[in-house]
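Here is a brief report on one protein model. Please look at the sequence and the structure first, then read on.

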Amino acid sequence: MSNCRFLYHNGVVLEAPPVTTFLESLTGAYTTTRTINNGTSFLFWERHMKRLSSSIRILLNSKPELLFSSGSSPRFWMNQPVPHSSIYDLVNGSMSEALKSVVVKESDRIYGEELAVTVLVTGNVEKLNSLDDGSKCDEERKVLDFLDVWLHLGAYSPFPLGLRENAASLALVGRGRDVAAAKYSDWVRLRKPLEKFRSPSTTELLLSNDGDHLLEGCITNFFVVCRRVKSSENLYGGSLSEFEVQTAPITDGVLAGVIRDLVIEVCLSKGIPYRERAPSWSECELWEEAFITSSLRILQHVGTIKVPIGSLEALACNKPEEIQWKEKRFKERPGMITELIQKAVMERGIEEAFPLKAF
């Protein structure tokens, strides 16, 4: 199954391109998740549907061209409610039909392999263009009448959590994105120029508007575990109160990632101090641990972070191979707090697993 990818749309199953190519080809709001337990249940499915609904509402009210493409601007339904339950039913209906249509033989499955799914909701421009602008009938049309669902399904092999060789290597390479509170497919195309700064060993590219306060990764949320007091000693012999988990607030321009929300919930439930504050590179000597979160890798500990000397201006003035970097190194294995949060998030994943049979 490893080489199999499928695309489902309006009752038709097609061979699919890589997911990045797929997202570059269409404009819309999307979310990505995967299965657990040998492909039997989706991780945090209901949370993903809520976030997808939120992204659609944000795009409709702020930048409808990111949902409808071609410069279309359906202003007659700006501020019209988009009920979460309606998006949930719309996507679940498509998923139910897709799972019936896409049958994978057990003999084709690889042990430990899971299923990754990307749900893309696009505005149907043809239907939109067929309207008589400004007519009373048009004003009464519902947003859902003009939305299409695309499903990209493919095999995914989860990497083992916590191994030192799986530590992420991060590099600060660009500024934050527009409409960051929504997850939209145009970002896949817009971030491509940043790839020239990715070295072979770099796992993820970080974003910052001032070169100091780190916002998020291109496809991840970013966290640090910070000592609350300066000390030359390692404070792991103390209590959790001596540390603080930090991540940029949504108001700074970051995505409300599904796993990001779960990390905050876990901190609250476990009594781990946390603050929604963009980690400052100028305070990196206080950082004991760092990790990134995403819906496929869940939570990955960070081994190194590098930022360009001269901050973001250096990126514009130099060729990638000429840029000089400052680097922060962490322990090779996940730290105590990272492991605690990682374990708790996966436990939540099992508790909230959504069986494929439920579609």
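## Cavity

The largest cavity has a volume of about 60 Å³. A cavity is a set of points, on a 1 Å grid over the protein atoms alone, where a 1.4 Å probe fits but cannot get out. The volume is the space filled by probe spheres set on the points, with grid points joined across faces, edges and corners. Searching the whole structure turns up one cavity of 30 Å³ or more.

Twelve residues line the largest cavity; E289, F330, K331, R333 and G335 lie nearest its centre. Lining residues have an atom within 4 Å of a point. Two elements, β13 (287-294) and β14 (298-308), each give two or more residues to this lining. The largest share, three residues, is from β13. By class, the lining has five nonpolar, three polar and four charged residues. Here Ala, Val, Leu, Ile, Met, Phe, Trp, Tyr, Cys and Pro count as nonpolar, Asp, Glu, Lys and Arg as charged, and the others, Gly among them, as polar.

## Basis of the model

This is a predicted model: local features need pLDDT of at least 70, side-chain atom pairs count only at pLDDT 80 or more, and totals for chains, interfaces and linings use all residues. Residues are numbered from 1 along each chain as its sequence is written, and side-chain values use heavy atoms, with hydrogens and water left out.

## Sheet

Seven strands form an open sheet with antiparallel pairing, in the order β2-β1-β6-β5-β3-β4-β16. Its edge strands, β2 (12-15) and β16 (354-355), each pair on one side only. Strands are DSSP runs of E, at least two residues, and helices are runs of H or I, at least four, numbered from the N terminus. Two strands pair if DSSP finds at least two bridges between them.

Strands β3 (residues 29-36) and β5 (residues 114-123) are antiparallel partners over six bridges. T32 faces T118 in β5.

## Helix α10

Helix α10 (residues 336-351) has 16 residues.

Among the buried residues of α10 are I337, I341, V345 and R348. Buried means under 20% relative accessible area, exposed over 50%, and partly exposed in between (1.4 Å probe, protein chains only).

## Cysteines

The count of disulfides, pairs of cysteine sulfur atoms within 2.5 Å, is zero. C226 is in no disulfide; the nearest cysteine sulfur, that of C284, is 9.9 Å away. C226 is buried, at a relative accessible area of 3%. C267 is also buried, at 1%.

Note on methods
The expected span of a helix is 1.5 Å times one less than its number of residues. On a 1 Å grid over the protein atoms alone, a cavity is a set of points where a 1.4 Å probe fits but cannot get out, and a pocket is an open set with protein on both sides within 12 Å along at least five of seven lines; lining residues have an atom within 4 Å of a point.
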